[in-house]
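Student: Could we go through this structure together, one question at a time? I would like to see how each answer is reached.

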2 protein chains.
Amino acid sequence: MTKAAQARIMQRICQEIRDQLASGTLPPGARVPSTRALAAEWGVSRTTVTAAYGQLIAEGYLEARQGAATRVARGLAPSPPKPKKPPPTLGLHDELSAYGRRLADFVTASERDRERLAVDFRYGDIAGSDFPRLAWRKVVTTALLRRQPRLRYGDPAGSLRLRTALQGYVWRARGLRCEPDQVVIVNGSQQGIDLCARLLLDPGDRAVMEDPGYNLARQVFLAAGADVIPIAVDQEGMQIEGLPSARLAYTTPSHQFPLGSVMSAPRRRDLLTWAERYGAYVIEDDYDGEYRFDVSPIPTLQALEGGERVIYLGTVSKTLSPTLRLGYLIVPAALASLFASAKRLADRHTPGLEQEALAELIESGAYERHVRRMRRRNGQRRAAVLAALHETFGEEVTVVGAEAGLHVVIWLNSVPSAREDAIVACAYQSGLGIYPVNPLYASTTSTGARPPMAGLVMGYASLDDEGIRCGVRSLKQVINNVSPKRPDELRRGART
Amino acid sequence: MTKAAQARIMQRICQEIRDQLASGTLPPGARVPSTRALAAEWGVSRTTVTAAYGQLIAEGYLEARQGAATRVARGLAPSPPKPKKPPPTLGLHDELSAYGRRLADFVTASERDRERLAVDFRYGDIAGSDFPRLAWRKVVTTALLRRQPRLRYGDPAGSLRLRTALQGYVWRARGLRCEPDQVVIVNGSQQGIDLCARLLLDPGDRAVMEDPGYNLARQVFLAAGADVIPIAVDQEGMQIEGLPSARLAYTTPSHQFPLGSVMSAPRRRDLLTWAERYGAYVIEDDYDGEYRFDVSPIPTLQALEGGERVIYLGTVSKTLSPTLRLGYLIVPAALASLFASAKRLADRHTPGLEQEALAELIESGAYERHVRRMRRRNGQRRAAVLAALHETFGEEVTVVGAEAGLHVVIWLNSVPSAREDAIVACAYQSGLGIYPVNPLYASTTSTGARPPMAGLVMGYASLDDEGIRCGVRSLKQVINNVSPKRPDELRRGART
């Protein structure tokens, strides 16, 4: 029998005994069958049974004392009153995979209806008027009308034409060199993160990620069964010193999500050294790398020496539209065919029409013209946000992360973090959508780095100047209502 | 400490000791540290260490005898001659998850270049001229030009409009009743199968599927680590009698892929009873349910009593285009929110523009008109294939599965199966694309049901009548070249 088969049988023996404990067949204090008897019953060696008992002892179901028989733990809560034999169908939870059970256990806050909001600072939304409708229609129509003798499944890694166009684009825009073979077209960053987790993480493996950080990345790693270790961030980005060994690091070095810092050069070097040392990979999520305002272009991790352990993740969700579901991975050459295989099994390939349309848009130069236009437009929005915040709040708020990207975080200097939820709820009642920082932390207690003040994430890419001014004024009122100024409260709030 | 944390630490202790064995730090026969010492070193209880030792004993690394200390197994192969400290980077294989390693181990035959083929019977291809270009352009343009104040991530389950449109469509076309909440829009059937595997299968779980069967489904289950049990098919579809317990069954009851039989009513009932009995789910892949020629509409499994354990899988890959990547799951109500969560983590949602375009096409009636047109068109192609085969081969071939779908299978009555590869290679040289049945079997030796004759899958949906006639004539020549008639050979071939 293989070791794997032995381990499986051991698990089955454990489950059988747990079931007998749950059903009361084996009451607390009872002696369990001898290893010899159970080994004979299951047709396995005694060592397998011993291992199973060892496991159950470790789990607290059984108790062993030197020289005495193994017994059911006396401290086990008495089994609940027994109903009639349970129906033959299992509970839903039992029918799911471990992945499914982890997902089912996630508590997803129900989305509020956002249609009724007058102003919505939701991060990730893009103004409908910014989408280049006519240009997109043109490239889609061109792709549609191209005569193809037959329609067939495409290359799982994506169309060679688009991968070649992106090779040029990332070089011009992000100083990133790669071969088209290293590019894998995915349905937005989310699928890129998910493929990385599937290929690189086993249950129990460690993944490190920024805290606070992108919660859908965290959920992917948790759903994969990984031990996700939150790493504090500061002005220089993710703190690399003392980073524990892990299989994977997830980071947003160009514009930390959500706090907006840029990872410093020494930290970048240290992160790549860390990856080399532990045979780990680094996911560099460049989710809004196109948007830089006051700062000079920020080089990617992938372009540095040691970048061959970096998986770069790009997207058009912030430049064109989040609903297109178009993103791209740039993976180390040795992993390229594996990512293509995983993509093939996941969904064959990304839709063909969109790929051709984007390739056409990039090749014609229209994409980069559009990106420049968007950068200007969002620079104006950013200026409007900063001006409105300054005018309305003065010294009451601290704004961070405004040098790049499409959102800022504001800390309300005299409002304790415990008030975040009340502010958000009250804002919603007033037709204002605003989003708290708290849910982006791995846990409210996990890091000492969580500031004691309330923090809000303000995405501005979907708003016009008037909406921004209105929204900021309305926010001021909400905060005044929820949290009338009492200077002693911050300290009290920080302690709870 | 939680049980999960204890189990994790136990695993780490195990790994540490395995590493020490591998590196020779603990040589064969050596005593391992006492449980007390190791417990102190790791800061855990002795029971945790005992459990770890139990595990390693079960795995054969350690040996314990009654009353004697636990030792490293003497039978352990001596560690290989130690090179200098191994380099810090691991081999690629070691850096992958179990999922990644399974994928890396798949041997994928490299695709031949198909551009140079004069006639290609590739199954799954659709004629470019069949795609309703203008109708699709119209609905895409309508969707594109609809003014939306903001672009935002959509519902992970898909747009409510499309789900509602599909609810009506599957009722009219397939007699299937469901609520829009049960519909989950996916990127083609492939993603539907993958989501099922992720949510329902753990490594080591059993999945049953038809043999021969759809190989990308098989690969998904194998990549998930499942024990995939091939089930023979006959004239009544998958053989249900004696079906072993499993978590999941995958079947194509309306038109078995590739052999084309329809699952009989008693088998359908038995399959649902089986699912109920074992708490299993049945994936009903209705990949070409729109195409029926001689037979009356075949009801879906999902619509039968007991259908609440069925996950129905529909697609537009055979009616519109495989490159659109649009499909839909109809899942049991209790699983709907879980599938939506999994879809959200996998890639947020299926692209919005395509969803709106398809909804518009269905609502306007244009989709069903198109499907009727395609059914007529493919009915003509089917007639052309059957006529050409009859005319060219007469009694030399047996055609199966022609009552429905977009392909037939032909058995070459006097050519042994061992000749399949030679025929395919020779056909390719002559500019003819033809595909063997063999790779669709789980293993060439696994079932006695594999006929001894060579079998070929012929998809015809991308060809015109002239191409079909040409292709069949060319096939005849190829077979004559590869396999000159010698009546005794079939029996010899069957024996190898």
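Student: How many residues of chain B are in contact with chain A?
Tutor: Good place to begin, and please keep in mind that this is a predicted model. Contact here means heavy atoms within 4.5 Å. On one side, 102 residues of chain A take part, and they are in contact with a set in chain B that numbers 103 residues.

Student: About how much area do chain A and chain B bury between them?
Tutor: The size of an interface is often given as the accessible area lost when the parts come together. Carbon and sulfur atoms make up 54% of the buried area here. In chain A, Leu151(A), Arg198(A) and Leu345(A) lose the most area to chain B, together 10% of what that side buries. For chain A and chain B, the area buried between them is about 8,600 Å².

Student: How many salt bridges does the rule find across the interface of chain A and chain B?
Tutor: Side chains of opposite charge can pair when their charged atoms come close. One example joins Arg150(B) to Asp125(A), at 2.7 Å from N to O. Across the interface, the number of salt bridges found is 12.

Student: And how many charged residues are on the side of chain A that touches chain B?
Tutor: Across this interface there are also 46 residue pairs in polar contact. The residues on the chain A side divide into 45 nonpolar and 26 polar, and the charged ones number 31.

Student: Which residue is the bridge partner of Arg150(A) in β4(B)?
Tutor: Strand β5 of chain A, residues 150–151, is joined by two bridges to strand β4 of chain B, residues 126–127. These two strands run antiparallel. Within β4(B), the partner of Arg150(A) is Ala127(B).

Student: Which are the edge strands of the open sheet in chain A?
Tutor: The sheet has four strands in the order β14-β15-β18-β17, with antiparallel pairing.

Student: What angle does helix α14 of chain A make with β18(A)?
Tutor: Let us start from the strands: β17(A) and β18(A) are joined by two bridges and run antiparallel, with Tyr435(A) opposite Val457(A). Helix α14, residues 420–429, packs on this sheet and touches β15, β17 and β18 of chain A. Its direction makes an angle with that of β18(A) of about 40°.

Student: Why is one side of β14 and of β17 in chain B left without a neighbour in the sheet?
Tutor: The open sheet of chain B has the order β14-β15-β18-β17, with antiparallel pairing. Both β14 and β17 of chain B stand at the edges, so one side of each has no neighbour, because each has a single partner strand.

Student: How many residues apart are Arg267(B) and Asp234(B)?
Tutor: Their side chains meet in a salt bridge at 2.8 Å, N to O. Arg267(B) is in helix α10 of chain B and Asp234(B) is in strand β8 of chain B. The pair links distant parts of the chain, and the separation is 33 residues.

Student: Is the peptide bond from Asp211(A) to Pro212(A) cis or trans?
Tutor: Pro212(A) is in the loop between β7 and α9 of chain A. The bond from Asp211(A) to Pro212(A) has omega near 0°, and it is cis.

Definitions and conventions. Residues are numbered from 1 along each chain as its sequence is written. Chains are lettered from A and ligands numbered from 1 in the order in which they are written. This is a predicted model: local features need pLDDT of at least 70, side-chain atom pairs count only at pLDDT 80 or more; totals for chains, interfaces and linings use all residues. Side-chain values use heavy atoms; hydrogens and water are left out. Buried area is the accessible area (1.4 Å probe) that two parts lose on being put together, summed over both. A salt bridge is a side-chain nitrogen of Lys or Arg within 4 Å of a carboxyl oxygen of Asp or Glu. A polar contact is a pair of N or O atoms within 3.5 Å; within protein, one must be able to donate a hydrogen and the other to accept it, and residues adjacent in sequence count only if both atoms are side-chain atoms. Ala, Val, Leu, Ile, Met, Phe, Trp, Tyr, Cys and Pro count as nonpolar, Asp, Glu, Lys and Arg as charged, and the others, Gly among them, as polar. Two strands pair if DSSP finds at least two bridges between them. Axes are lines fitted to C-alpha atoms, for helices over the stretch in contact, and angles run from 0 to 180 degrees between N-to-C directions.
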